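Colleague: Hi! I've just been handed this one and I'm new to it. Could you walk me through the structure?

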Amino acid sequence: MCHRKIDPRAGLFILLLANIGMFLERTSMQGNVLTGVIIVILLLYGCPKIATCGVGFLLLLYCLQSFVLPVSPRALIILFSVFVNMTRRMLPCLLTGALLVEKCSIQEFVAAMRKLRLPQNLITAISVTFRYFPAISEEVRHITDAMKLQRIPAGRKIECYLVPIMLSATKTAEELSAAAVVRGIDSPNKKTCAVEIGFSATDISCMLLAVAGVILTLIFVKG
């Protein structure tokens, strides 16, 4: 199988299965098996960096749960045990989301949602949301560059990040919404698209692998 860009519909299907597995798991071993399946899917799609980060993060969470928290003071256990456990449970979903962001463009997402015949209002909201995060990331980079020029002390960096982002968040959302409307995203007329999407052998294999992963977590893995 060759490495290729994932079909957004296949990615959404895998993300749905990852969420189902997350909500139905009963033991940490089940969650680890599901995470392992998602890591294999990442490798099949040619995302070794994300897969490596997923393995490292899973090992970190395992060490925290098995070795650090049991010998920590009771206050730290109360504060961090729930956070560590929920992060481990959500890791398959986070890795699948990272795969979609890495391998799918916004145009492909919009084309996939139109092929799924989703309501136009939902397509508009999702497309604006996907464009919002890159805009905020660019704003963060500009703030970082400005702080480097002015040599802002470490104690004020959080304030220097939060205040401009909070002030520009609403304005950025309004500008993105206006840009989407100008491009005719909410037009009732039938849309055409230059982006061609379709299921490949890799997509089908990874969807079947995700189904097998959920079945393994629910049936064959014993806590």
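Modeller: Let's begin with contacts: of those in the protein with a separation of 6 or more, 79% are between residues 24 or more positions apart. Keep in mind that this is a predicted model.

Colleague: Good to know. How many helices and strands does the protein have?

Modeller: There are eight helices and zero strands. Reading from the N terminus, the order is α-α-α-α-α-α-α-α.

Colleague: Let's go inside, then. How many residues are in the largest nonpolar core?

Modeller: That core has 25 residues, and Ile6, Ile14, Ile41, Leu42, Tyr45, Leu95 and Leu99 are the ones with the most contacts inside it. At least two residues of this core come from each of α1, α2, α3, α4 and α8.

Colleague: Which helix supplies the largest share of this core?

Modeller: That would be α2, with six residues.

Colleague: Can we zoom in on one residue? What does isoleucine 14 touch, leaving out residues up to four places away in sequence?

Modeller: Isoleucine 14 touches Ile38, Ile41, Thr96, Cys206, Met207 and Ala210.

Colleague: Switching to charges. How many salt bridges turn up in the whole structure?

Modeller: The search finds three. In one of them, glutamate 25 pairs with arginine 88, with 3.2 Å from N to O. This pair links distant parts of the chain: glutamate 25 is in the loop between α1 and α2, arginine 88 is in helix α4, and they are 63 residues apart.

Colleague: Are glutamate 25 and arginine 88 buried or exposed?

Modeller: Both of them are buried. Glutamate 25 also meets arginine 89 in a salt bridge, at 3.9 Å from N to O. Here too the pair links distant parts of the chain, as arginine 89 is in helix α4 and lies 64 residues from glutamate 25.

Colleague: Why does arginine 89 count as buried?

Modeller: Because its relative accessibility is 18%, and the cut-off for buried is under 20%. For glutamate 25 the value is 3%, so that residue counts as buried as well. Through shared partners, salt bridges join Glu25, Arg88 and Arg89 into one network.

Colleague: Nice. Which residues form the salt bridge with closest N and O atoms 3.1 Å apart?

Modeller: Aspartate 7 and arginine 9 form that one. Aspartate 7 is in the segment before α1. Aspartate 7 is buried, at 1% relative accessible area, and arginine 9 also counts as buried, at 17%.

Colleague: What else is aspartate 7 in contact with, beyond its neighbours within four places in sequence?

Modeller: The residues are Ile197, Gly198, Phe199 and Asp203. A polar atom of the aspartate 7 side chain lies 3.0 Å from the backbone nitrogen of glycine 198.

Colleague: And how far is the C-alpha atom of glutamate 196 from that of aspartate 7?

Modeller: Those C-alpha atoms are separated by 9.8 Å, although the residues are 189 apart along the chain. Glutamate 196 is in the loop between α7 and α8, and this residue is exposed, with a relative accessible area of 77%.

Colleague: On to the outside. Which residues form the nonpolar patch on the surface?

Modeller: They are Phe13, Leu16, Ile20, Phe23, Leu24, Val211, Ile215, Leu218 and Ile219, with about 760 Å² of accessible area together. Helices α1 and α8 each supply at least two of the patch residues, and α1 gives the most, with five.

Colleague: Let's pick leucine 24. How accessible is leucine 24?

Modeller: Leucine 24 lies in helix α1 and counts as partly exposed, at 38% relative accessibility.

Colleague: Last one: what is phi of arginine 117?

Modeller: Phi there is near 60°, a positive value in a residue other than glycine. Most residues other than glycine have a negative phi. Arginine 117 is in the loop between α5 and α6, and this residue is exposed, with 75% relative accessible area.

Terms used:
Residues are numbered from 1 along each chain as its sequence is written. This is a predicted model: local features need pLDDT of at least 70, side-chain atom pairs count only at pLDDT 80 or more; totals for chains, interfaces and linings use all residues. Side-chain values use heavy atoms; hydrogens and water are left out. Helices (H or I, at least four residues) and strands (E, at least two) are DSSP runs, numbered from the N terminus. A polar contact is a pair of N or O atoms within 3.5 Å; within protein, one must be able to donate a hydrogen and the other to accept it, and residues adjacent in sequence count only if both atoms are side-chain atoms. Contact means heavy atoms within 4.5 Å. Patches are made of residues with over 30% relative accessible area and no salt bridge: like charges are joined within 9 Å, nonpolar side chains (Val, Leu, Ile, Met, Phe, Trp, Tyr) within 5 Å. Accessible areas come from the Shrake-Rupley method with a 1.4 Å probe; for residues, only the protein chains shown count as cover. A salt bridge is a side-chain nitrogen of Lys or Arg within 4 Å of a carboxyl oxygen of Asp or Glu. Buried means under 20% relative accessible area, exposed over 50%, partly exposed in between (1.4 Å probe, protein chains only). A nonpolar core is a set of buried Ala, Val, Leu, Ile, Met, Phe, Trp, Tyr and Cys residues joined through side-chain atoms within 4.5 Å.
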